[in-house]
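Please look through the structure shown below before reading on.

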Amino acid sequence: MGNIKEQTLVLIKPDGIQRGLIGNVIGRFEMKGLKVAGIKMMSLDEAILREHYAHIADKPFFPGVSSFMRSSPVVALCLEGLDVVNAVRILCGITKSREADAGTIRGDLAMSVACNVVHASDTVENAQAEVKRFFKQDDLFHYDKSEYMHVYVDDERA
Ligand code: ADP
């Protein structure tokens with residue numbers, strides 16, 4: 001059984017901010033039954049983007065991604081739940097939004113590859129590093145969520 005305290009990092013990207021999708025995106029995560037452990041609006045600089053997007057830093061499209069990600073603030077979320085990294089990736093849909101499954105954030109709300117509304121950590125290991133990159137320990141909250149009684153069964157909560 002996975003860990004109910006697993007955490008992942010989501011960024012609502014500048015297109016999501018500009019298009020007024022903050023509430024819609026956060027609402028989807030809330031409706032799924034995920035716990036919001038941290039939430040903040042922030043402007044990203046080149047240094048954090050270089051670190052965050054190290055895996056695409058040598059791609060020809062990286063400068064465009066970097067300037068897009070600096071074009072508005074973003075909203076960073078730390079979400080918590082059982083197998084949350086995988087669950088959130090499923091909710092987000094594939095990178096190329098216009099081919100993403102209907103029902104996913106990208107499938108429902110976007111058309112672009114670059115402007116695809118959200119970032120979500122892709123592995124548990126990366127999620128741990130990404131949560132640390134965007135949140136100080138004091139920015140993360142540990143609390144009981146009463147709806148967990150109805151979101152999970154006993155052995156999933158153990
Ligand atoms: P994902 O965000 O789905 O995990 P990647 O880690 O491969 O995707 O890429 C990071 C981000 O870089 C994507 O979300 C997208 O905004 C941008 N990106 C990826 N591929 C391209 C591309 N071919 N052209 C423009 N932007 C891209």
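Lysine 35 lies over the face of tyrosine 143, at a distance of 5.0 Å from the ring centre. This arrangement, like every other described here, belongs to a predicted model.

A search of the whole structure finds one aromatic pair. Its members are tyrosine 148 and tyrosine 152, whose rings are arranged edge-to-face, with 5.0 Å from centre to centre and 85 degrees between the planes. The pair counts as edge-to-face because the angle between the planes is over 60 degrees. Tyrosine 148 is buried, with a relative accessible area of 9%, and tyrosine 152 is buried as well, at 10%.

Helix 2 deserves a separate look. Its buried residues are Val25, Ile26, Gly27, Arg28 and Phe29. The elements that cover these buried residues include strand 1, strand 2 (35-42), strand 3, helix 5, helix 6 and strand 4. Which residues does valine 25 touch, not counting those up to four places away in sequence? Valine 25 touches Ile12, Ile105, Leu109, Val117 and Val118. After helix 2 comes glycine 33, whose phi is positive, near 105 degrees.

Most residues other than glycine have a negative phi. Aspartate 83, however, has a positive phi near 50 degrees, and this residue is found in the loop between strand 3 and helix 5. Valine 117 also has a positive phi, of about 70 degrees, although it is not a glycine. The loop between helix 6 and strand 4 contains valine 117.

Are these two residues buried or exposed, or something in between? Aspartate 83 is partly exposed, because its relative accessible area of 39% falls between the limits of 20% and 50%. Valine 117 is buried, because its relative accessible area of 0% is under 20%. Valine 117 is also one of the residues that valine 25 touches.

Terms used:
Residues are numbered from 1 along each chain as its sequence is written. This is a predicted model: local features need pLDDT of at least 70, side-chain atom pairs count only at pLDDT 80 or more; totals for chains, interfaces and linings use all residues. Side-chain values use heavy atoms; hydrogens and water are left out. Contact means heavy atoms within 4.5 Å. Buried means under 20% relative accessible area, exposed over 50%, partly exposed in between (1.4 Å probe, protein chains only). Helices (H or I, at least four residues) and strands (E, at least two) are DSSP runs, numbered from the N terminus. Rings of Phe, Tyr and Trp (its six-membered ring) pair if their centres lie within 6.5 Å; planes under 30 degrees apart count as stacked, over 60 as edge-to-face and the rest as tilted. A charge sits over a ring if NZ of Lys or CZ of Arg is within 6 Å of the ring centre and within 35 degrees of the ring normal.
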